[in-house]
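Please look over the model below before reading on. The points that follow are meant as a colleague's note, and each takes up one topic.

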Amino acid sequence: MIRNPKAKGTRAENELADILWERGFAVVRGPASGGGAKRRFQPDLVAVRDGKVLVIEVKSRSGSGPLYIEAEQVVGLAEFAKRAGGLALIAFRARGGEWRFHTVESLRPTGSSFAVDDPASGMRLRDVEEMLERKHKDLSTYLRSDSNSPSLSKLDTTDL
């Protein structure tokens, strides 16, 4: 039985939207998602929590290997995220796998497209959430050897 690829994409988008909603995000699925809007780019999902915006293009497939995304789609995603003050992400899930996320900055340009060499190795959703929330501080500032830097023993762990 041949499956409708548009329906498969819609299912993947709705699945990720439900996961994000359950984790406290307000989520909107682009009405022309996958429809090739000509005048302006419309991402698959926009998710907002505590004023932080994720602009997401959703990809799923059963095979392995690099994932190629049209340059026009990546540029549109980045522009939309810039205008929204958000983070542009490619969300990927292989059949039976978990969702993985890639920033547009991590994509490799190939000419007419961009590639994710190992799409199943991206960030997990919790990694994206931590990046948004900045729950932990960069400990490198506490590990300097100069006398002006704070010591770990005096570190206020309530800030971490």
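**Notes on the fold and its contacts**

1. Three strands make up an open sheet, in the order E4-E8-E7, and their pairing is antiparallel. The edges are strand E4 (67-70) and strand E7 (108-109), each of which pairs on one side only. Between E4 and strand E8 (residues 113-116) the antiparallel pairing runs over four bridges, and Leu67 stands opposite Val116 in E8. Two strands are taken to pair if DSSP finds at least two bridges between them. Strands of a sheet pair through backbone hydrogen bonds, either parallel or antiparallel.

2. Before going further, please keep in mind that this is a predicted model, in which local features need pLDDT of at least 70 and side-chain atom pairs count only at pLDDT 80 or more, while totals for chains, interfaces and linings use all residues. Residues are numbered from 1 along each chain as its sequence is written, and side-chain values use heavy atoms, with hydrogens and water left out.

3. The protein chain as a whole has three helices and eight strands, which follow one another from the N terminus as α-β-β-β-β-α-β-β-β-β-α. Helices (H or I, at least four residues) and strands (E, at least two) are DSSP runs, numbered from the N terminus. Of the 160 residues in the protein chain, 35% are buried, where buried means under 20% relative accessible area, exposed means over 50%, and partly exposed lies in between (1.4 Å probe, protein chains only). Among contacts (heavy atoms within 4.5 Å) between residues at least 6 apart in sequence, 52% join residues at least 24 apart.

4. Which residues have the most contacts inside the largest nonpolar core? They are Leu16, Leu20, Leu45, Leu54, Ile56 and Phe101, in a core of 19 residues. H1, E2, strand E3 (52-61), strand E5 (87-94) and H3 each give two or more residues to this core, and the largest share, four residues, comes from H1. Apart from this core lies another, of 15 residues, among them Ala71, Leu107, Phe114 and Val116. A nonpolar core is here a set of buried Ala, Val, Leu, Ile, Met, Phe, Trp, Tyr and Cys residues joined through side-chain atoms within 4.5 Å. If residues up to four places away in sequence are not counted, Leu54 touches Phe25, Leu45, Val46, Ala47, Leu87, Leu89, Val128 and Leu132.

5. The buried residues of H3 are Leu125, Val128, Glu129 and Leu132. Seen down the axis of H3, these buried residues fall within an arc of 100°, so they line one face of the helix; the arc is that of the directions from the helix axis to the C-beta atoms.

6. Side chains of opposite charge can pair when their charged atoms come close. The structure holds nine salt bridges, a salt bridge being a side-chain nitrogen of Lys or Arg within 4 Å of a carboxyl oxygen of Asp or Glu. In one of them Arg29 pairs with Glu13, and their closest N and O atoms are 2.5 Å apart. Because Arg29 lies in strand E1 (residues 26-29) and Glu13 in helix H1 (residues 5-22), this pair ties together parts that are 16 residues apart in sequence. Arg29 counts as partly exposed, at 29% relative accessibility, whereas Glu13 counts as buried, at 7%.

7. Where does Glu129 find its salt-bridge partners? One is Arg23, at 2.6 Å from N to O; since Arg23 lies in the loop between H1 and E1 and Glu129 in helix H3 (residues 125-133), the pair ties together parts that are 106 residues apart in sequence. Arg23 is partly exposed, with a relative accessible area of 37%, while Glu129 is buried, with 11%. Another partner of Glu129 is Arg49, at 3.1 Å from N to O, and this pair links Arg49 in strand E2 (residues 45-49) with Glu129 in helix H3, 80 residues apart. Arg23, Arg49, Glu129 and Glu133 are linked in a network of salt bridges.

8. Two backbone angles also deserve a look. Most residues other than glycine have a negative phi, and most peptide bonds are trans. Asp50, however, has a positive phi near 55°; this residue lies in the loop between E2 and E3 and is exposed, with a relative accessible area of 63%.
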